[in-house]
Amino acid sequence: MSSLLSRLEHHAPALGDRVVRANWRRRNRSREYDPAQVPSRLRPIVDQLRDDGVVISDMDSVFGDRSVYDSAAARAQELYRAPRDDGEAESGSKATFLTKLVSPTFDFDDPFVRLALHPNALAIANGYLRIHSRLRALDLWLTRPTAGPAIQTQLWHRDGDDVMNVKMFVYFTDVKPAAGPLRYAPGTHPLGERRRLPERDAQARSTDAQMAQIVPESEWILCEGRAGTVVFADTCGYHKQQKPETDERLLCVSHYVSGTPYVPPVIEIRNVDAAALSVDQHYAVFDRPRA
């Protein structure tokens, strides 16, 4: 079966995707999510995410209550200012430009957890996936400008964490082109119509010229924005971090997957009051419905 799917990916990618998604939905049937549950004001976000694979929004549209964002932004700045070891990173590694500022263990009342488990964030992720998602990871990332050519995730690639997934990027600094915003090739996500594979290197990374053969450069979406910008993307579509030129970028990334991802979760949430969780939050935290 895997050999057949591999051939379909190269010769009939749309058909191969449909076969994979059908099997994936079958495995996740018990956690189906009716998109009619998405609040009406959030449906345009979900619709654009399903159309393009990425959507740029803002904290007011997503969270409504600014205090949720403000608490997380204050904590992010506190962690940014805290002493840290910025020792020598291995040449050519992501660590040369990317630093994680939090551990994978959080208390339930942590402001980043409140962002990731916000009912509206979950509604958007679930409405896109059409299943009750699980929160697989939660990170605070600092990216810095470096010398030399683009490397690693600064080249075009797609994630293999699941058949479909959603990442929510919440900006705590202004992210202009010089800070290295996310850049996305619309329509290359699992629901899109541009699922052809570009020319790639041994690490499945592609250059701009190679990506332009699949999606014209004029159509690439640059996810720049002021602090408070919120971006949702299915990173199973082609994307990259544009190489930072002069500025830093500080952002929180929440990663939502199905009940059958290809990779294990990398988050621990402590002191959870399970009785206070909504149905969506219970799935996101415990990977199962409430009893």
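Two strands count as paired if DSSP finds at least two bridges between them. The structure is a predicted model, and its pairing can be followed on this basis. Strand S4, residues 134-143, and strand S10, residues 249-257, run antiparallel and are joined by nine bridges. Within this pair, Trp-141 stands opposite Leu-251 in S10.

Both strands belong to an open sheet of six strands, in which the pairing is antiparallel and the order is S1-S8-S5-S10-S4-S2. Strand S1 (54-58) and strand S2 (98-100) form the edges, each pairing on one side only. On average, and with direction ignored, neighbouring strands of the sheet are turned by 25 degrees against each other. Helix H7 packs on this sheet, where H7 touches strand S5 (166-171), strand S8 (229-233) and S10. The direction of H7 makes about 50 degrees with that of S10.

The nonpolar residues come next. In soluble globular proteins, nonpolar side chains tend to be buried together. Here the largest nonpolar core has 52 residues. Those with the most contacts inside this core are Phe-63, Phe-112, Leu-140, Val-170, Phe-172, Phe-232 and Tyr-256. Helix H7 (residues 119-129) supplies the largest share of the core, namely seven residues.

Which residues does Phe-63 touch, not counting those up to four places away in sequence? The partners of Phe-63 are Leu-115, His-118, Asn-120, Ala-121, Met-168, Val-170 and Val-230.

How values were computed. Residues are numbered from 1 along each chain as its sequence is written. This is a predicted model: local features need pLDDT of at least 70, side-chain atom pairs count only at pLDDT 80 or more; totals for chains, interfaces and linings use all residues. Side-chain values use heavy atoms; hydrogens and water are left out. A nonpolar core is a set of buried Ala, Val, Leu, Ile, Met, Phe, Trp, Tyr and Cys residues joined through side-chain atoms within 4.5 Å. Buried means under 20% relative accessible area, exposed over 50%, partly exposed in between (1.4 Å probe, protein chains only). Helices (H or I, at least four residues) and strands (E, at least two) are DSSP runs, numbered from the N terminus. Contact means heavy atoms within 4.5 Å. Axes are lines fitted to C-alpha atoms, for helices over the stretch in contact, and angles run from 0 to 180 degrees between N-to-C directions.
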